[in-house]
Amino acid sequence: MDGARGGAYHPVVESDAARTVTIDAPRPVAQTTRATAVDVLVSLTASDLRARYGRGPLRIFKWLLDPFALVGVYLLLVTFVLSTGGRAPGLSIACAVVPFQLIMSTVMNAMMAVTTRRTIILNMGFRRALIPVASALTESVAFLASFTLFMLMMAAYRVEPTSALVWLPLVVAANIFFAIGIAYPSSLFGLWFRDLRNFGLSFIRTLFFLAPGLVAFSQIHGRAHEWLQFNPLTGLFEAYRAVLLFGEAPAPWEILYPCGCALVMLLVFVPFYRSEQRQFAKIVE
Amino acid sequence: MSRIRADQLGVRFLFDRQRNVVSPALARLHRRGTAAWGLHDVTFSMEPGEGVALIGPSGSGKTTLLRIIAGVLSPDHGRIEIEGRVASLLSVEAGLLSVLTGRENALLLGVLAGLSRQRTRAVLDEIKSRSGLGGQFELPVSSYSQGMRARLGFAVADAVDPEILLLDEVHEALDHEFRDVVEERARRIIGEGGIVVAAGHDHPMLARLCSRAFLMSNGEISSIGDFTGLQRTYVGLGHQGAPVTR
């Protein structure tokens, strides 16, 4: 490439011809043996998990202990050492910290997802548009281990499970959907602005503190109460609290608003990502 | 039957002021940058049963062209049509992830290459056997030599039963024994109406596989013709290449 012809650009404008580029898909292998999107997702996720948790019988313990290493110690401190007010403060905080951990770790994973798979990207064509989803799914598997924290907190505060738990799968699904939504912009950000990844993570942390993470939404009043509703994490945190702490069905907005935000991110960034993934091999070289 | 047709292909690289490669979207944010065509106005066709060598100095666009055929890159200009299942071995790392074992890598890359998980699982032992890695197939790839990685990469690529095989200098990392395996497989693909495209500086091997060659220079195809003739032209230009002995 070094000796290739060059020139300045101010700014870059794609030629019409570039938009008419077509690549006929290589003829697939026999239908019954062809990889589906699910196959690709499962394989990317499984390899990610294998790299994280290793092999052998101890990996299940690593998986279960990971959430305690990340947030469990902090929660246990709040629950058993600090004397804080409010109803089951440790459980209330867990209802924010645990779902936030899924978002945070998905963002971290997605930011590195393309460069981590550099060797594959440079060697073969595959469904690269699925990489951010695989990041979210990897972290979702890790996230499921965090439910032991919820159980521990509920036991510690003697909060009995109620029939509202039937809403939990919906709340978790909304949480994962939001993680998938934010994975796409995170992946692009991590690739474009490698030096600014820490700023990206700080922005996500800021979203936590601009949501009712440490105190319940009902304890926040005035203008802050109105503004915090615009943060999609508010709905997620409150939905977990409703189901696990208060034994109620979550309010519709608590599910719909984060899902709506995720949908907007997907609608905006998936086409963008699909366009950009054609350039990945140039950037990760 | 396999076929590759390219019409006025172009691949453009965009750089920011620090000479980092940036994507077109990001380039819009940079007021000053430069652009360079890594591949420019490349038109060719490859027909069934052909072995084609890409020769030329480093930076002439050989790898970029192979990457376009492999689907690693998309052209910024022009059009390419590919008929046939493609398998590629374009880097010494062969797409392998160091933390995973040979088996785990094979399972991942088999699926990414187009096989279902079920089918990939079914051919894992075959891949192990073809790679010749033996027990080291179960060890992390971080413990592999370059040659071992290339062996595994080729065994996985071969598992998809390719009709078009792309090789980029990687075979030069292979030991002689496995080179014979690769050559034999490449010849079989050509014999069955497939296409082999190989780039590199190991001209004796290219001569055994390829009847035709593209001489590349500055991102363009400067000549297309018989391999032996073009190889002489290339060496005559002062470039080094191992002598061809048929």
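**Note on the predicted two-chain model**

1. Over all chains, the structure holds 15 aromatic pairs (rings of Phe, Tyr and Trp, the last by its six-membered ring, with centres within 6.5 Å; planes under 30 degrees apart count as stacked, over 60 as edge-to-face and the rest as tilted). One of them joins A:Phe147 and A:Phe150 in an edge-to-face arrangement, at 5.4 Å centre to centre and 75° between the planes. Because these two residues are three apart in helix α7 (residues 147-156) of chain A, about one helical turn separates them. Helices are DSSP runs of H or I with at least four residues, strands are runs of E with at least two, and both are numbered from the N terminus.

2. This is a predicted model, in which local features need pLDDT of at least 70 and side-chain atom pairs pLDDT 80 or more, while totals for chains, interfaces and linings use all residues. Residues are numbered from 1 along each chain, chains are lettered from A, and side-chain values use heavy atoms, without hydrogens and water.

3. The whole structure contains 23 salt bridges (a side-chain nitrogen of Lys or Arg within 4 Å of a carboxyl oxygen of Asp or Glu). Among them, B:Glu104 pairs with A:Arg50, with the closest N and O atoms 3.2 Å apart. This contact crosses between chains, from helix α3 (residues 102-112) of chain B to helix α2 (residues 37-53) of chain A.

4. A nonpolar surface patch comprises A:Leu58, A:Ile60, A:Phe61 and A:Leu65, with about 430 Å² of accessible area together (Shrake-Rupley method, 1.4 Å probe, only the protein chains shown counting as cover). Patch residues have over 30% relative accessible area and no salt bridge; like charges are joined within 9 Å, and nonpolar side chains (Val, Leu, Ile, Met, Phe, Trp, Tyr) within 5 Å. A:Phe61 belongs to helix α3 (residues 59-81) of chain A.
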